[in-house]
Amino acid sequence: MPSDTTHNDDVVRTFIWGSCVSRDTFGFLPERFQLTTYVARQSLISAGNDASAVRSKLTPLSSAFQQRMVRGDLAGDLYRRIESVGDDIDLVLIDLVDERSGVIDFGDGTYATKLSEFWGSGGREASNGASQIPFGSDEHFTLWRDGASRLVNALRQGGLLHRTKVIRTDWASRFDTGELLDVPGWMMQPEDANTKYTPYFDVLKTLGMDVVELPSDLAQTSQNHQWGPSPFHYTDEAYDFFAERLRTRANSPRHGSGPTTY
């Protein structure tokens, strides 16, 4: 992991909205980076829409983290979390991996992110009769694009937009040894995912967000990853790449108006 011995000793307060990609990258940043807020398992479509009434139909999960994320997603609490930190954040770190399975449309203007945590807590039964909106569909993209505009406005109003960095990664189809990754048939395949994600990242770029992209030759998984091999579990080299770019590209008025190396 990268070390830091030459720069400002101020704590770099970090807000993450994203998945394991951002969270794992954070572990490669210098100790001065402090994680203050982590919002995961929440699509930009469900964010800001309160579907908490569904909670009464769910069963508790054994993981306290997963339970909090399901509750946060149903409450659509992303914007409340952003408001709660005010401008007391130096870095907002974003990735889009948790958009991968689409959303559940309950038909009343509320949504839930369709991921294993929601499904595992009884979400399949709780959403009986609701429609599923697949990631990459025209309907999903239209709803998500509206959510992206709302997110950018919220970050701008909070004075956080220029401190926001978006991590973009191709999904890995190979191990760092060169062997092909056997991706389960129920999971979106890497080639398909990489095609579908492109317009979503293009929206964020158009809205003025700083997107940090992983070189395609570093989009590899590893047998040694702490969560096991996966199309979105990467090698240490990939996380090192992002950590270095974040240190040199992050912006904060606390550290001056220009690019700062943390």
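Two strands pair if DSSP finds at least two bridges between them, and the strands themselves are DSSP runs of E of at least two residues, whereas helices are runs of H or I of at least four residues, with both kinds numbered from the N terminus. The model described here is predicted, and for that reason local features need pLDDT of at least 70 and side-chain atom pairs count only at pLDDT 80 or more, while totals for chains, interfaces and linings use all residues. Residues are numbered from 1 along each chain as its sequence is written, and side-chain values use heavy atoms, with hydrogens and water left out.

**Sheets**

An open sheet of 5 strands runs in the order β2-β1-β3-β7-β8, and its pairing is parallel. Its edges are formed by β2 (33-39) and β8 (210-213), each of which pairs on one side only. From one strand to the next, the twist averages 25 degrees, where angles run from 0 to 180 degrees between N-to-C directions and axes are lines fitted to C-alpha atoms, for helices over the stretch in contact. Within this sheet β1 and β3 run parallel and are joined by 4 bridges, and W17 has I94 in β3 as its bridge partner.

A further open sheet has 3 strands in the order β5-β4-β6, with antiparallel pairing. Here β5 (111-113) and β6 (131-133) are the edge strands, each pairing on one side only, and the twist averages 30 degrees from one strand to the next. Strand β4 (residues 103-105) pairs with β5 in the antiparallel sense over 3 bridges, and A112 in β5 is the bridge partner of I104.

**Helix packing**

| Helix pair | Angle | Axes |
|---|---|---|
| α5 (138-157) and α6 (190-206) | about 25 degrees | 10 Å apart |
| α2 (64-75) and α4 (116-126) | roughly 90 degrees | within 10 Å |
| α3 and α5 | roughly 10 degrees | within 10 Å |

Angles under 35 degrees count as roughly parallel, over 145 as roughly antiparallel, 65 to 115 as roughly perpendicular and the rest as oblique. Helices α5 and α6 are therefore roughly parallel to each other, and their crossing is right-handed, a term used if the near helix is turned clockwise from the far one by less than a right angle. In this contact (heavy atoms within 4.5 Å), H140, F141, W144, R145 and A148 of α5 meet P199, Y200, V203 and L204 of α6. These residues divide into 7 nonpolar, 1 polar and 1 charged, where Ala, Val, Leu, Ile, Met, Phe, Trp, Tyr, Cys and Pro count as nonpolar, Asp, Glu, Lys and Arg as charged, and the others, Gly among them, as polar.

The axes of α3 and α5 cross at roughly 10 degrees, which makes α3 roughly parallel to α5. L78, Y79 and I82 in α3 meet G147, R150, L151, A154 and L155 in α5, and by class this contact has 6 nonpolar, 1 polar and 1 charged residues.

For α2 and α4, the axes cross at roughly 90 degrees, and that makes α2 roughly perpendicular to α4. Q66, V70 and L74 in α2 meet E117, F118 and S121 in α4, a contact whose residues divide into 3 nonpolar, 2 polar and 1 charged.

**Salt bridges**

The structure holds 10 salt bridges, each being a side-chain nitrogen of Lys or Arg within 4 Å of a carboxyl oxygen of Asp or Glu. One of these salt bridges links R13 with D88, whose closest N and O atoms are 3.4 Å apart. Because R13 lies in strand β1 (residues 12-17) and D88 in the loop between α3 (78-85) and β3 (91-94), the pair ties together parts that are 75 residues apart in sequence.
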